[in-house]
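Subject: Handing over the two-chain structure

Hello,

Please find the structure below, and keep it open while you read the notes that follow.

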Amino acid sequence: MNIAIFAVANAVAARVNRFVALLLAPALASRPASLLDAQRSIPWNGAAPLLHVSSVTELKPRSRAGGASHAVQRAGWLARVWQALLRRDPATAALDMSDAFAALEYAPVAAIVVDRQGRIARANAQAERLFQYRHCDLAGASAELLVPHLLSTTHERPHPLRTVAQACEQAAVRTREIRAKRRDGSEFPAEVAASKLRYGDGVATLAFVTDRTERYELKRDREELAHLTRVSTLGELAGSLAHELNQPLTAILSNVQAAQRFIDLDPLDLAEVREILKDIVDDSCRASEVIRRIRAFVKKDDLELVRLDVGDVLRDVVQLVHSDAIVRGVHLSVDIDDDLPAVRGDKIQLQQVLLNLLINAFDAMRDCDALERVVTAFAGLDRDGNLRVAIRDRGEGIAPDRVERIFKPFVTSKAQGLGLGLSISRSIVEMHRGRLWAENNTDKGMTFYVVLPPWSAPEAARQS
Amino acid sequence: MERAGSGTTIMMINERSECGATVYVVDDEASVRRALTRLIQSAGYRADAYGAAREFLAQVRPCGPDAGLTPDGSPACVVLDVQMPDLSGLELQRELPASLPIVFLTGHGDIAMTVGALKAGAADFLTKPVRDADLLRAIDDALARSADALRSLRELHELRSRFERLTPREREVMDLVVMGRLNKQVACELGTVEKTVKAHRARVMQKMEVSSLAELVRVADKVARAAAVRNQAQHD
């Protein structure tokens, strides 16, 4: 999926480059002198390609998981470029306002210019397409029709910028996620990057609107894929889970049939029968607990970030693979430190990551001697106070130059594997602002590490 | 399930307890172990439960002169979950004598495993959850096999101790006689006279407690075969 996002970023970057070059071309031709001035005062060369793929990727926030915010960043950046262009020469700005906005027609994103009264002064072709209006129908209409409360938020902020250098500061551009309205009244999720422009005496708001529907779909696709791999992982465990269910059923059936015989005895041993009934109740609860765990794991829910005990998550997963370990003759030992701080995360997705790592560890030792088949799972704190789960196997390990490759999608060593487990696990961990990586052990086998930041209350409040 | 009347049940229980058969239940899950033990006891057998295959093995594996016998010498069998964490059911089966047949229980009947177990002498292979009628029938069969194995084992013990009472000379005479040699030929081969051979032969018949040559041949054959098996076992 990363590849897809990257490709989209590439395409957009290319289009923005073309568009900005086009925008600058008339200025170059008509006013070479002022351009030279501009070049002196503006830190970047306006004629050179403005947006490189590298700069798009650099715009990403620290975490890689923030792929969804790329376009917001791009639109915000575009708005800032626009401001910078208009401010190069404030004296003449009013004069080429219409020229400058004419170039908006070629912008690859929907752009609208709104005057102080909230009327649409200009909308480009992309905007007409996005909001499904006919050509020129938008001019003079209220911006509220398209983007509710557009002005209320941009105008309430005092405009702090006076100089070109300051124009590059982020504060001038407000980026928001809102629901925009098409002509037929249907709503869609949109990102709006809006900024106030000052030209001569006038003030207007320029807003770039990006349809977010696709990105929501992308996110949904990702969750769908995570769900699918979860189901298929559980499918691999089906045999051992059946065993897990079979055990309490066996105990229940035998207990009932023993009781049927006991009640025919004379004298009737009531104490024994009472004991049997208690066991039957316990085993029924156990069976339904197994089913509950399976259902919880394959449940298709929206992501739910809550306060979690990593130790509990690990314990749950160990329960799930308990029988599988026995069937495969793997000795699984678990070492969970006491009093670990909580993390913020989605329980099912983190379970999925740990389950995946454990099953991989079991698979890695398929060809080992029975005595060598040992998997150890640790949960504890690392030196920086982050939560760390380590899954260690004693298999063959992987050549050092291939260790990173196994996190790529569709890379697998298993005949039946899709090769998505580790790449999805990594994207889940990164979405939790954590890290997932693997190392060869010094003696034998590999260790996979999951590191997650501890729960912090202020941050949780901010994010929710 | 067809239920027996209470009178029959009680009679059945007494009858079985008296014959002293023991059923060993080996399952790593306490609740299953307890339930199976109860069911088996309710049918009148003595039941003894273990949570690990090795623990069970350490307890029941007889050694020395009693090798091949059950711990208390009376018929016994094992009801075993094929998936034990410490020792697989098939591995355990290799360690147990024929007098301790195994009724395997398995969560999911894997054909290869079933065939392997049955070829290696498993009494039965049942899937969990198991119905009492099926389990008890399998246990009955297994105990019958155990009783058979014990009987022939005892017979062999008896024959061997008779054989051991023979002097070296008497053994030589017996070997040649059962090969079909006449007294005259035996005497010639051993460098003695026919009369002496006749006396030796009479003592062999007496000590081996047989009354005809045919019987002696059969007994000698059994002893020889048991010795061969024992030698092979020692080589392993």
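Predicted model: local features only at pLDDT ≥ 70, side-chain atom pairs only at ≥ 80, totals over all residues.

Five strands of chain A form an open sheet in the order β7-β9-β10-β12-β11, with mixed pairing; strands here are DSSP runs of E with at least two residues, helices are runs of H or I with at least four, and both are numbered from the N terminus, while two strands pair if DSSP finds at least two bridges between them. Because β7 (331-336) and β11 (435-440) of chain A stand at the edges with a single partner strand each, one side of each is left without a neighbour in the sheet. From one strand to the next the twist averages 15°, where axes are lines fitted to C-alpha atoms (for helices, over the stretch in contact) and angles run from 0 to 180 degrees between N-to-C directions.

β7(A) and β9(A) run parallel and are joined by six bridges, with A:Leu332 opposite A:Val375 in β9(A). Strand β9 (residues 374-381) and strand β10 (residues 387-392) of chain A pair in the antiparallel sense, also over six bridges, and in β10(A) the bridge partner of A:Gly380 is A:Arg388. The hairpin of β9(A) and β10(A) has five residues between the strands, and in it A:Gly385 takes a positive phi near 85°.

Helix α14 (residues 347-364) of chain A lies across β7, β9, β10, β11 and β12 of chain A and runs at about 170° to β12(A). Helix α15 (residues 421-431) of chain A packs on the sheet as well, touching β11 and β12 of chain A, where contact means heavy atoms within 4.5 Å.

Where the chains meet

The contact takes 26 residues from chain A and 31 residues from chain B. Between them the chains bury about 2,500 Å², 53% of it on carbon and sulfur atoms; buried area is the accessible area (1.4 Å probe) that two parts lose on being put together, summed over both. A:Gln247, A:Gln257 and A:Arg261 supply 25% of the area that chain A buries against chain B, more than any other three residues.

Five salt bridges are found across this interface, each being a side-chain nitrogen of Lys or Arg within 4 Å of a carboxyl oxygen of Asp or Glu. One of them joins A:Asp279 to B:Arg38, with the closest N and O atoms 3.0 Å apart. On the side of chain A that touches chain B, α11 (238-262), α12 (270-298) and α13 (310-327) of chain A each supply at least two residues, and α11(A) gives the most, with 15 residues.

With best wishes

Definitions and conventions
Residues numbered from 1 in each chain as written. Chains lettered and ligands numbered in written order. Heavy atoms only, no water.
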